[in-house]
Amino acid sequence: MMRHLDDELATYYAYGLAEDQERRDVESHLRECPECAAKVRTFQEERPQLAQALDRIAAPGLEARILRPRRLPRGLLLAAAAAVVIAIGVRLLAPSPRGLVRGEIAVRHGDRWEPQRAPATLLEGQIFRVEGSQTAEIVLDDASRATLAPGTSATFGGRRGERAALELHAGQGRFVVTPSKERFFVVTPVGTVTVLGTEFLVDVWEGEKDMNKALAIGAPIAVGVAVIVGTVVFRTPQGEARLEGGKTAVARTGGAPQVLSARETERLRREVESLREQLAAQTARAETAEAKLPAPVKPESKQPIDWKTERGPEFEAKLRAVAWDKGCGAFIQYACELDQAVREGRPPNLSPENLAGLSQFNQKAMELADALGLDTKDWMNVYQNELVQQYFADAFLKVLAGQPLTEAQLAKLRQIDPLSSEGASPDDGRLAQFRNGIQKNLALLTKTREVLQPEQYEHLANLVTPTFRLGIQGYAEKTFPADTAHQGVVTHWMETFKLSKEHAATVDIVAAEYVERLAQVTARYEKDPTKEREAELRIKLLDLQIEAEKKLADSLPLDDEQKTRVLRGSGAAILLK
């Protein structure tokens with residue numbers, strides 16, 4: 001018997017959106033718990049008020065970005081839960097979901113940002129940012145929409161239910177959520193906001209005077225949730241708050257949500273508006289003053305440096321000042337948590353300490369990028385510098401080994417070059433990139449064995465899995481039971497590639513042959529569960545999948561756009577269990 005209903009489950013039951021098993025459990029509990037029964041009755045009484053409120057309430061202030069909730073049919077009004085303003089200070093996260101993009105975006109492939117032609121399609125796990133000076137709209141498979149402001153960066157999830165639809169890294173977004181029994185999450189490392197269906201805004205608040213710098217380094221500060229109408233559950237690891245229309249709560253990193261009074265909420269809103277007005281006025285004055293200045297005298301041109309090979313003493317002094325061991329430790333912890341989250345089918349649980357370490361490490365990398373003359377938005381390219389690569393790789397391997405390495409060990413490991421960025425091109429598709437990443441992890445496991453001491457290698461092998469670091473690239477898996485794998489693969493391909501009924505017979509034939517070979521290869525590796533053998537198995541399975549999906553593209557009567565979509569791959573590694 002459950003102890004008491006939490007506010008989120010009580011809200012879902014009251015609004016008629018609980019799953020069948022949840023509903024039966026709740027009803028059984030309510031028969032024995034008058035306190036929870038009273039809570040549910042209170043929530044049920046809110047439903048008629050929600051329908052009226054959506055007709056008459058307009059969102060408060062914060063310029064035009066907070067818009068009036070759309071007028072919904074009465075049937076949907078009773079399912080809508082909240083319109084919220086979420087402010088987050090973070091940065092660094094069924095069929096495979098897709099997001100149709102209207103507007104200019106760039107998708108990250110490794111350390112490069114590649115512009116996408118509109119209308120573009122986002123795949124689950126892809127990291128992207130909004131380019132240009134206009135907003136971009138992301139339309140999810142269920143018709144929910146996210147309108148993101150220029151400069152916003154995020155990871156596309158696209159799912160409802162147990163995983164986040166979108167993980168916002170930095171920037172602002174307005175969400176219009178289609179009501180559904182499946183829950184819609186906006187997840188940040190500070191807290192999680194759950195809504196049932198309506199419209200809400202996500203905005204970044206930073207606690208530093210220099211806003212541009214704060215956004216660049218991604219200092220995790222706070223999450224604020226202001227409910228316009230309806231009900232929202234705002235949860236952090238330290239506690240939760242159930243917020244109704246007109247209420248606001250904030251939670252700082254490592255803290256529980258704190259509900260603010262109406263006076264405090266209004267004060268914060270006025271403060272934000274005042275700061276924006278001051279910024280606009282400051283910008284206008286600066287532009288006016290700049291226009292009056294005489295044309296600057298061009299300085300003597302300096303010999304441009306080759307930033308990829310730069311090794312000057314001043315630059316190397318900056319490198320020596322970086323806490324590489326600490327930064328690589330934060331990165332490895334982050335990569336391991338992403339890897340574990342994918343394997344367990346859950347959102348990543350990133351600690352405030354880990355985020356702070358990553359933010360500090362990123363800030364140092366940006367300073368190095370500035371010293372090389374790189375543009376701020378391309379700061380990740382700093383890792384293509386030869387000397388930076390060496391410092392990073394040495395520290396990375398030292399952290400994996402769990403103890404200092406000798407110069408002789410480092411010299412041999414540099415020859416192995418286990419962290420080389422060479423490999424599959426983004427044009428080869430995501431599956432080829434996943435294969436390349438697993439191949440590198442296999443090399444890391446096999447080629448370091450003879451160089452490291454036994455206790456050092458054991459420490460490394462405990463951290464490095466076949467899919468280590470792939471979570472950063474948006475690695476995803478689809479696992480099917482062996483007895484239903486054939487139909488599962490057919491459905492997966494039909495939905496992922498948006499194929500029509502006329503394609504079904506061919507898809508069925510290719511899937512049957514593919515699943516049979518998948519089962520044969522999997523069976524050969526079941527008796528040897530070492531990480532090296534698991535990596536070899538995953539490489540072979542990806543080879544089979546790439547081959548099968550290419551055969552699918554060649555066998556079906558597709559136009560050029562459809563064929564390109566199939567050749568890019570389904571975007572998730574298929575496994576049997």
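# Exercises on a predicted model

R469 lies in the loop between α13 and β19 (477–480).

## Exercise 1: The faces of α13

Find which residues of α13 are buried and what they pack against.

Solution. 
- Step 1. The buried residues in α13 are Q456, Y457, L460 and A461.
- Step 2. Around the axis they cover an arc of only 130°, so they sit on the same side of α13.
- Step 3. On the face of α13 turned away from the buried side are the exposed residues P454, E458 and N462.
- Step 4. Packing against the buried residues of α13 are α10, α11, α12 and α16.

## Exercise 2: Helix α17

Determine where the buried residues of α17 fall around its axis, and describe the start of the helix.

Solution. 
- Step 1. Helix α17 spans residues 560–567, and Q562, R565 and V566 are buried in it.
- Step 2. Seen down the axis of α17, these buried residues fall within an arc of 95°, so they line one face of the helix.
- Step 3. The face turned away from that buried side holds the exposed residues D560 and E561.
- Step 4. Cover for the buried residues of α17 includes β2 (98–102) and α16 (531–555).
- Step 5. At the start of α17, a side-chain oxygen of D559 comes to within 3.2 Å of the backbone nitrogen of E561.
- Step 6. Just after α17, G569 has a positive phi of about 95°.

## Exercise 3: Strand β6 and its partners

Work out which way the side chains of β6 point and how many bridges join β6 to β9.

Solution. 
- Step 1. Strand β6 covers residues 127–130; I127 and R129 point one way, F128 and V130 the other, and all are buried.
- Step 2. Strand β3 (residues 105–109) is joined to β6 by three bridges, and the two run antiparallel. In this pair, I105 stands opposite V130.
- Step 3. Strand β9 (residues 153–156) is also antiparallel to β6, with three bridges between them. Here R129 stands opposite S153.

## Exercise 4: The nonpolar cores

Which element gives the largest share of the largest nonpolar core, and which residues does W324 touch?

Solution. 
- Step 1. The largest nonpolar core has 45 residues, of which L319, W324, V382, Y383 and L400 touch the most other members.
- Step 2. Among the elements that give two or more residues to this core are α7 (313–320), α8 (324–344) and α9 (352–371). The largest share, nine residues, comes from α10.
- Step 3. Leaving out residues up to four places away in sequence, W324 touches L319, F361, L368, Y383, V388, Y391, F392 and A395.
- Step 4. A second, separate core holds 30 residues, including L168, V177, F184 and V186.

## Exercise 5: Confidence

Find where in the chain confidence is lowest and where it is highest.

Solution. 
- Step 1. The mean pLDDT of the chain is 75, and 71% of the residues reach 70 or more.
- Step 2. Confidence is lowest in helix α4 (residues 74–77), at a mean of 29, and highest in α13, at 93.
- Step 3. Over residues 49–95, pLDDT stays under 50, and the model has 162 contacts beyond four places in sequence for them.
- Step 4. Over residues 204–221, pLDDT also stays under 50, with 44 such contacts.

Key:
Residues are numbered from 1 along each chain as its sequence is written. This is a predicted model: local features need pLDDT of at least 70, side-chain atom pairs count only at pLDDT 80 or more; totals for chains, interfaces and linings use all residues. Side-chain values use heavy atoms; hydrogens and water are left out. Buried means under 20% relative accessible area, exposed over 50%, partly exposed in between (1.4 Å probe, protein chains only). Helices (H or I, at least four residues) and strands (E, at least two) are DSSP runs, numbered from the N terminus. The arc is that of the directions from the helix axis to the C-beta atoms. Contact means heavy atoms within 4.5 Å. A polar contact is a pair of N or O atoms within 3.5 Å; within protein, one must be able to donate a hydrogen and the other to accept it, and residues adjacent in sequence count only if both atoms are side-chain atoms. A nonpolar core is a set of buried Ala, Val, Leu, Ile, Met, Phe, Trp, Tyr and Cys residues joined through side-chain atoms within 4.5 Å. pLDDT is the predictor's confidence in each residue, from 0 to 100. Two strands pair if DSSP finds at least two bridges between them.
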